[in-house]
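Trainee: Could you take me through a model with two chains, one feature at a time?

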Amino acid sequence: MAKLTFKTDLCKGCGLCVSTCPKGCLAIDTASINKKGYSPAVMVNEDKCIGCAFCATMCPDCIITVEK
Amino acid sequence: MAVVFDKPKSLADLPLHYCPGCPHGIIHRLVAEALDELGIEGKAIGIAPVGCAVMAYDYFTCDMIESAHGRAPAVATGIKRCRPDNIVFTYQGDGDLASIGMAETVHAAARNENITIIFVNNAIYGMTGGQMAPTTLPGQVTQTSPYGRDVNQCGWPIRVSEMLATLEGPEYITRVAVNNVKNVMNAKKAIKKAFQNQVEGKGFSLVEVISACPTNWGMTPEQALKWVDSDMLPYYPMGVYKDRSAAKEAK
């Protein structure tokens, strides 16, 4: 199982990580809002995550750290 | 647990000013990763353009300098000739490199200056609010071409990589994209090779990166990356347009 860490305050909610995740583990958390005023991306299905780092590769703001 | 992906240390830990979903952030990271992996951060000098990436000097931890609009290859020529041991790169957009800076780019390539150019092509002027650029596609709607680019009036978009590859001068000219994970990986290899060429003193290397501009194209970031695939890449095909060393080895 892999562990993803998000620098949530730097997230701009663009959703590129969500659309690129092959396992559908990520989502935009529309219920919350970060310091910059965006709804950030969050992990919703940690058990399915395979640690491929596709999300981090496509993240334009480099906010995701992947550990495996 | 081992860290498999983290921010490269050549990229400062600052919030980027780019719009949500702008691939500039991805390309910044690829450049920073190349600097890290080649261990040249300490002697690299970057040149920021005028355009959306005008504040790139804040984001890279190597030495950076700002140049006048389009003149980054000229500034890079000066720095590289004065300090040949440093690694000099420019980071330019299409409005900067392919429009006002076309002369500097072509002549730097013709002289085979030993510099690396990262050319971000998103087919539009981003910072000024989405005007038509020299690389805007035929029929593409922008602020200054509200009925779509009319090629009879405005001419055809310029394919910079193909054009520069016809010159004898340059060492390495390639076009990559950052619209999906596979293309990002290929872009990373190309950018690293462009820096490696300079370390080895081979000469002028230019990597054209097909990027997106969700804000000014009026799309979501996801739609914009799909539009790159469906509309931009057919006009600007990816590939290596010139690789002199590889061509020599093949002979």
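This is a predicted model: local features need pLDDT of at least 70, side-chain atom pairs count only at pLDDT 80 or more; totals for chains, interfaces and linings use all residues.

Trainee: Which strands form the open sheet, and in what order?

Mentor: The order is β1(A)-β4(A)-β1(B), three strands with antiparallel pairing. At the edges are β1 (3–6) of chain A and β1 of chain B, each of which pairs on one side only. From one strand to the next, the twist averages 30°.

Trainee: How many bridges join β1(A) and β4(A)?

Mentor: Four bridges join them, in the antiparallel sense. L4(A) is opposite V66(A) of β4(A), and K3(A) has E67(A) as its bridge partner.

Trainee: Which residues of β4(A) lie on its covered face, and which on its uncovered face?

Mentor: I64(A) and V66(A) are on the covered face, while T65(A) and E67(A) are on the uncovered one.

Trainee: Now the helices. How should I describe two that pack together?

Mentor: Two packed helices are described by the angle between their axes and by the distance between those axes. In chain B, helix α3 (residues 72–82) and helix α5 (residues 102–110) pack at about 40°, with their axes 7 Å apart.

Trainee: Which residues meet where α3(B) packs on α5(B)?

Mentor: From α3(B) come P73(B), A74(B) and T77(B), and from α5(B) come E104(B), T105(B) and A108(B). By class, the residues of this contact are three nonpolar, two polar and one charged.

Trainee: What do the buried residues of α3(B) pack against?

Mentor: They pack against β2 (44–48), β3 (63–66), β4, α5 and β5 of chain B. The buried residues of α3(B) include V75(B), I79(B) and K80(B).

Trainee: How far apart are the end C-alpha atoms of helix α8 (residues 181–199) of chain B?

Mentor: They are 27 Å apart, which agrees with the 27 Å that its 19 residues should span at 1.5 Å a residue. After α8(B) comes G201(B), with a positive phi near 70°.

Trainee: How do I read a list of buried residues in a helix?

Mentor: An α-helix has 3.6 residues a turn, so residues three or four places apart point the same way. Among the buried residues of α8(B) are V184(B), A187(B), K188(B), I191(B), A194(B), F195(B) and Q198(B).

Trainee: What covers the buried residues of α8(B)?

Mentor: The cover includes α2 of chain A, and from chain B α1 (24–38), β4 (87–93), β5 (116–121), β6 (172–177) and β7 (205–210).

Definitions and conventions. Residues are numbered from 1 along each chain as its sequence is written. Chains are lettered from A and ligands numbered from 1 in the order in which they are written. Axes are lines fitted to C-alpha atoms, for helices over the stretch in contact, and angles run from 0 to 180 degrees between N-to-C directions. Helices (H or I, at least four residues) and strands (E, at least two) are DSSP runs, numbered from the N terminus. Two residues are in contact if their C-beta atoms, placed from the backbone, lie within 7 Å. Ala, Val, Leu, Ile, Met, Phe, Trp, Tyr, Cys and Pro count as nonpolar, Asp, Glu, Lys and Arg as charged, and the others, Gly among them, as polar. Two strands pair if DSSP finds at least two bridges between them. The expected span of a helix is 1.5 Å times one less than its number of residues. A residue is buried if 20 or more other C-beta atoms lie within 10 Å of its own, exposed if 12 or fewer, and partly exposed in between; C-beta atoms are placed from the backbone.
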